Amino acid sequence: MTKTTTGGTARTPEFRMASEVIGTLRQDLLTDAFAYRPLPLAEGPGRFARVLPRVLRQYAPWRQYAAVAALAFLVLLFTVNTHSGYLGDAAQLAMGLIAAVPVLMTLVRPIAAWWAAVAMTVVLAALGGAVNWPWPPGSFLSYIAVMVLVTLRTRPRVAAWMWALTLALGFALTVVLGSRWGSNLPEMAVTSAFALVIAGSIQIRRAARAEVSAQQEVTAVERDKRTLLEERTTIARELHDVVAHHMSVVAIQAEAAPYRVKNPPPELEAAFVTIRENAVAALTELRRVLGVVRSADYEAPDAPQPTLASLDGLLANVREAGLSVEKTITGAVRELPQGVELSAYRIIQEALSNTLRHAPGAAAGVEVSYVLGGLGIRIVNDPATGDARPSPGAGHGITGMRERVAMLEGEMTAGRTADGGYEVAVFIPVPHRPEPVPEPQGEKA
């Protein structure tokens, strides 16, 4: 047998086990036993609160307090009506109050309420009658109610300690005080065991439900973060071709610019060389960053990134998928920055995909407005029709659209329409670019 020596004293495994058991008893029933732990107010109106009058419905969060108070009043009446009457009415009322106080204490000091129930048991056992000893009927009901309420407010291990100490209490009262009429300790042991098992099961289920709810909240937050990162990565990959194209044009123009001027000064040539070197360096860094955000299974697209000029092809595809869609163009069509064109196309594509998933059988309309200050986009669909059921999506669509609009410093609204459909409205500001002034025709050198 292994022994552990600490400070010259040998401790056996049995001694350590007993110390741990006593430690848990001290932690559960002695440490901060009289701490103030008020019962939280109930959340939500509850099932039965909905049938209450409107005047009383505002007090629905206090319904648990009302239930415990009603139980304490029931214990008081039961104790007064069932206790021996040889002490007089005033004494019977006092005994009823003694039995009801521990029940009320469970609202604010649950562990102290059980110790109060132990003291109540001793007092009423000393003043009890000839039957149902050491727990007269009122004391019996109060003690069971206190143990159940304490279990619902703590944990099942506390219930096990209360049950074990209840058996010790009943045995001690029987031995010390004695009774010629026998003891109802077996009835208390069996009844309290059943009551505590039920209360412990309820508490375990409640704790498991709270843990699942907390885990679901954490999972939802993590899923939203992952969705946001995925959308941003997709946007970064798509915009790489756009930015790379512009940077390549800058580098080529900087390299060719000195040859368009006859006898350029050395300072001008050095400036264009610096511009070209910076453009090439920026393009290299851009490709390097793209390699970091690119997933392992990413494949570079063979075709160029789509623009609003490709919108007719997109609408033809969704019509083949069963969506009736109409396009409306307002304003003077003009060429927009490639990043704006790409984002506008992707927003329309995602909005129509959401319509196919969530409103099968509905008709949709796409409106593209070229205005002086930017580009307006509106996608609206009717409510779902027919027997087709909506298909659940991944929940990324609205997030991706908002990310693209925020990147371009635009504005977006999305929500239900008055007739039950859905509308997505976007405005993307586009700075006005003045038309290039043609160079004067001079004589050729």
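This is a predicted model: local features need pLDDT of at least 70, side-chain atom pairs count only at pLDDT 80 or more; totals for chains, interfaces and linings use all residues.
Residues are numbered from 1 along each chain as its sequence is written, and side-chain values use heavy atoms, without hydrogens or water.

The protein contains twelve helices and seven strands. These elements are DSSP runs numbered from the N terminus (helices: H or I, at least four residues; strands: E, at least two). Of the 445 residues, 32% are buried. Here, buried means under 20% relative accessible area, exposed means over 50%, and partly exposed lies in between (1.4 Å probe, protein chains only). The accessible surface is about 27300 Å², computed by the Shrake-Rupley method with a 1.4 Å probe. Carbon and sulfur atoms hold 61% of that surface. Among contacts with a separation of 6 or more, 71% join residues 24 or more positions apart. A contact requires heavy atoms within 4.5 Å.

Five salt bridges were found in the whole structure. Each pairs a side-chain nitrogen of Lys or Arg with a carboxyl oxygen of Asp or Glu within 4 Å. Aspartate 28 bridges to arginine 155, with the closest N and O atoms 2.9 Å apart. This pair links distant parts of the chain, 127 residues apart: aspartate 28 sits in helix H1 (residues 13–30), and arginine 155 in the loop between helix H6 (137–153) and helix H7 (156–176). Aspartate 28 also bridges to arginine 157, at 2.7 Å between the closest N and O atoms. Arginine 157 lies in helix H7, 129 residues from aspartate 28. Aspartate 28 is buried, at 6% relative accessibility. Arginine 155 is partly exposed at 36%, and arginine 157 is partly exposed at 33%.

A further salt bridge joins aspartate 312 and lysine 327 (2.5 Å, N to O). Aspartate 312 belongs to helix H10 (residues 311–320) and lysine 327 to strand E3 (residues 324–330), 15 residues apart. Aspartate 312 is partly exposed at 47%, as is lysine 327 at 32%. Shared partners unite Asp28, Arg155 and Arg157 in one salt-bridge network.

A pocket is an open set of points on a 1 Å grid where a 1.4 Å probe fits, with protein on both sides within 12 Å along at least five of seven lines; lining residues have an atom within 4 Å of a point. Helix H8 (residues 185–256) supplies the largest share of the lining, six residues. The lining residues include Gln64, Arg205 and Ser213.
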